[in-house]
Amino acid sequence: MRERRRLRVRGTVQGVGYRPFVYRTAVDLGLGGRVWNDSEGVVVDATGPADRLDDLARRLVDDAPPLASVAAVEVTALPPDGDGGGRFSIVESRADAAPAAAVSVDAATCAACLAELHDPADRRHRYPFVNCTNCGPRYTIIRSIPYDRAATTMAAFVMCAACRAEYEDPGDRRFHAEPNACPACGPHLRLLDPGGALVAERDDALERAAGDLVAGRIVGVKGLGGYHLAVDAADVEAVAELRRRKARDDKPFAVMVPDLAAAADLCDLSHDAVAALTSPRRPIVLARRRPGAPVAPGVAPGLPELGVMLPYTPLHDLLMARVARSLVMTSGNLSDEPIAHEDGDAVARLGPMTDALLTSDRPIHIRCDDSVVRDVPSVGVQMVRRSRGFAPEPIALPVPAARQLLAVGAELKSTVAVAKGSSVVASHHIGDLEHLPAYRSFLQAVDHLCHLAGVTPEVVVHDLHPEYLSTKFALELDLPLVGVQHHHAHIASCLVDNGRDEEVLGVAFDGTGLGCDGSLWGGEFLVAGLRSWRRVGHLRPVPLPGGPMAIREPWRMGLVWAEAALGGEGAERYGASADDRWPAVLALAGRPETVRTTSAGRLFDAVAALLGIRGKVSYEAQAAIELEAVAAAVAVEDAPDYPLAPAGAPTSGEGPVVLDPAPLVARVVAERGRGTPVAEVAAGFHAALGRAVAETAAALAGDAGLSTVALSGGVFQNARLTGVVAAHLAGSGLEVLVHRRIPPNDGGISLGQAAVAAATAG
Ligand SMILES: [Zn+2]
Ligand SMILES: [Zn+2]
Ligand SMILES: [Zn+2]
C-alpha cells in the first residue's frame, strides 16, 4: 500500500547540504517524490510504503548532515498522485525563500574532506582548499545574497569539468557546494616575504612556511576570517619576539594544537570542553592549564588557563601535521587593531611583524575573529567572544519584533544585531570602536548584516551613552530611536540566552555603563524584564578619579577604596607605596565634579591593586582576571571566611539598597598587612563578595515576589564569582540564569538591545 506524505523540516536546514541528503535518503529507501527549500525550511513530498515513509521521517532527524540542526519534522498525509511521485528529485527553491536562512556559518573541515586531503590517490590530495556542503567557508566569503558562487569571493574561480559535475549531481556531497574547488581550478597558496614579494607557491609555500615555524620564525597565516600570527608555542624566545613585534605586553595568546591528544597535554578538558573543541564551530576553548604544560611562559603570562583550538581549515590541518607541534595562533594585528583580512593590508600591517606570510588568492570578504568559549566548572561551556562559527546564526527572540530592528551595541567588544520576526542575527566580533579601523569595520558590518538578513531597519536601538560612537551613529540615522540602558540590555541578553520572557532579579556587574543619574553604573541589582526595569540596589558609589586613567591604572581605584574603607590615613599609607601621584589623585577623587561609579569591575581592580597583584594594566580587565587567577590556588571550599553584610532590607518608598564592600576591603588590607598569603586573601574576597551579592539578590527577589535571578555583565566571566553566587542563590531555592550562548560581556549588548526593542517598540 503506497502512501503520499508531506514532511516539513524546520531548523537550520539550508546551505548545509540538507536537500542532497534528503535525496540520497529517499533514493536509498526507494521512495518517489521531490524536495525543495522554501521560506520556512525544507519541504519533502514523498510517496512509498508506509514503513519506508516512517523510516524517512526518522532519518531526516537522526542522520541529518553535520551542519544541520533539525528543530522539527511535521508530517501530513497528502492525496496520492497518479505516478507514485515519479523518480525522486530536487526541485529549484521557491523564489520566496527567506534570504536569512541561506547564510550559514563557517565550518571546520569535515571527516570526508579530511580523508580526501590525506589520500594520495584523491584528486584533492594535499589541496588546502578542499570543502563540501558539510564544511568550509560561508559567512566570510559571501558578498551578497542569494547565496551562490557568483555572490562569493570564489566568483573569479571557474569550476573545472570534474568540479562542475560534482556541483550539479544531486547525489554528490558537493551538490551546490558554492566554494567547491580543486587543484585544477581553485585557489592556491603563496608564500610572501615581509615586503610582499612572492617566495614560493603551492606545496612548496606550505613546506617553507612550516620550515620557518620549526626554526622559530614568525609566520602570518591566512585563515578563514583573517590572518593569524603563528609561532612555535614552546619556543620561549620566539614567543617573546612575537610579543615585542605585536606590541602586546601580557594579553594571552591562543594556541592551535595538532590534535585532541595534544590539547589534553596542555589543559584539563571536561567532557563539555572536548565537545566544544571538536565541534565544527571550532572555537578557542579556555581551560585550566596542566602543570608542566609544554608551552612557553610568555604564551599566557600569570594565568592558570590556556586558550586552545584545533585546526579548522585544510590548510591548518596540513600545516599542523607538518610542524607536529603546538603553535601560537594569535590575531594578525598590532595590539587593539582589527584583525587583518585583506591581502594588501596584511602585507602592509603584518609584514613588519613577520618573517613570512603564508597567503592565498581566495579573498576574505568579512573579517571574523576566532570565537572564544570558557569551560566554567559550575556552568559548562560559556561564550566569551561570539564570532567565527557562530555568526551569523540566528537566535530566537523571546518576543517577536513587529518592526525590523537594527541594534548597534555598546563601545567595547562591539557587535551589531538585526532582527525581524522571531529571530535576531548578531554580527561577528567587531572590536573596540574607539579605534578608527574598528569603527570602519562597524559601518561595514551594519550594511552587510542588514543585506544578508534581508532587514531594512525601521527602528534603531542604541545605548544611552552619548559618547559611544555606536550611539552617535544611531542618532545620525533618520529613523525612530529606542535607547536602552546598558545594564538593562545586559539582563535582557541573559533572558534571550535562556529563551525567557519574564521579570527577574537581574544582577548586572561589569566595567562601566552609563546610568540614568549621570554616574557610571556597573554593580547593579535590577528588577527587570524585556519591557521594563527598575534599579533596586547597587554597590556603594565611589569616585573614578581620572576617568579612563582610573581604568588603565587600577592603583587609583585601590586608593579610592582604601580611603572609603579606612579613611585618609589608610589612603595615605596605601598611596605612598603605590604611586607618587597619589595626593593629586586623592584630591581629584574629592572634587564634586569627579564622576562616581558603582562598578564591580573597578572594585576587583581595586582589590587586585591593594593586594599588590597589579597597579597598571596592559589590556582590559587584566587586574580582575589576575585576581581570579591568584585565587585559583585555593579551592573554593577552603576560602577563608571574611564577613560582609548584604545590603540592608529594602523599604518601600525608599531608593535602591546599597551593598557596601568597604568592610571587606578593610579586611583585605589588614590581611595583607599581616602577611596572609595573597592567594588566600583573594579567595576570601571572592567568597565574601559572592555570598553578600547572592544574599542581597535573594532578599531583593523576595521583596519583588520573584523566584529567578539572572547574572550578566563582564564580571560574570569570573568563573569563581559566578560559581559562588549561583551556588548560594540555588541554596536559597532560587532559579539562576547564566550566560551560555551569548557573551555576558558587552559583546552581548546588541542582542539584549534588540530583544528589549522587540518587546517594547510595537
Ligand atoms: Zn567537507
Ligand atoms: Zn576543479
Ligand atoms: Zn557592560
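This is a predicted model: local features need pLDDT of at least 70, side-chain atom pairs count only at pLDDT 80 or more; totals for chains, interfaces and linings use all residues.
A residue is called buried here if its relative accessible area is under 20%, exposed if over 50%, and partly exposed in between, using a 1.4 Å probe and protein chains only. Residues are numbered from 1 along each chain as its sequence is written, chains are lettered from A and ligands numbered from 1 in the order in which they are written, and side-chain values use heavy atoms, with hydrogens and water left out.

Donors are N, O and S atoms within 2.8 Å of the metal (3.2 Å for Na, K and Ca), and since water is not among the atoms, sites may look incomplete. Four donors count as tetrahedral if all angles lie between 85 and 135 degrees; four count as square planar and six as octahedral if opposite donors are over 155 degrees apart and all others between 65 and 115; anything else is irregular.

Now turn to the zinc ion (ligand 3). Its protein donors are His486 (NE2), His490 (NE2), Asp510 (OD) and Asp746 (OD), at 2.1 to 2.2 Å. The angles among these four donor atoms run from 89 to 166°, which makes the arrangement irregular. The spacing along the chain is H-x3-H-x19-D-x235-D. Histidine 490 lies in helix 13 (residues 486-497) and aspartate 746 in the loop between strand 28 (735-737) and helix 22 (749-760), so the pair ties together parts that are 256 residues apart in sequence. Both histidine 490 and aspartate 746 are buried. Helices (H or I, at least four residues) and strands (E, at least two) are DSSP runs, numbered from the N terminus.

Next come the sheets, where two strands pair if DSSP finds at least two bridges between them. One open sheet has four strands in the order 18-17-19-20, with mixed pairing. Strand 18 (417-426) and strand 20 (481-484) stand at its edges with a single partner strand each, so one side of each is left without a neighbour in the sheet. Strand 19 (residues 459-463) runs parallel to strand 20, joined by four bridges, and histidine 462 stands opposite glycine 483 in strand 20.

Another open sheet has five strands in the order 4-1-3-2-5, again with mixed pairing. Strand 2 (residues 32-38) and strand 3 pair in the antiparallel sense over seven bridges, with arginine 34 facing its bridge partner aspartate 45 in strand 3. Helix 2 (residues 50-62) has Leu53, Leu56, Ala57, Arg59 and Leu60 buried. What covers these buried residues includes strand 1 (2-12), helix 1 (18-28), strand 3 (41-49) and strand 4 (69-78), where contact means heavy atoms within 4.5 Å.

Finally, look at the hairpin formed by strand 6 and strand 7, with five residues between them. Glycine 196 in the turn has a positive phi of about 95°.
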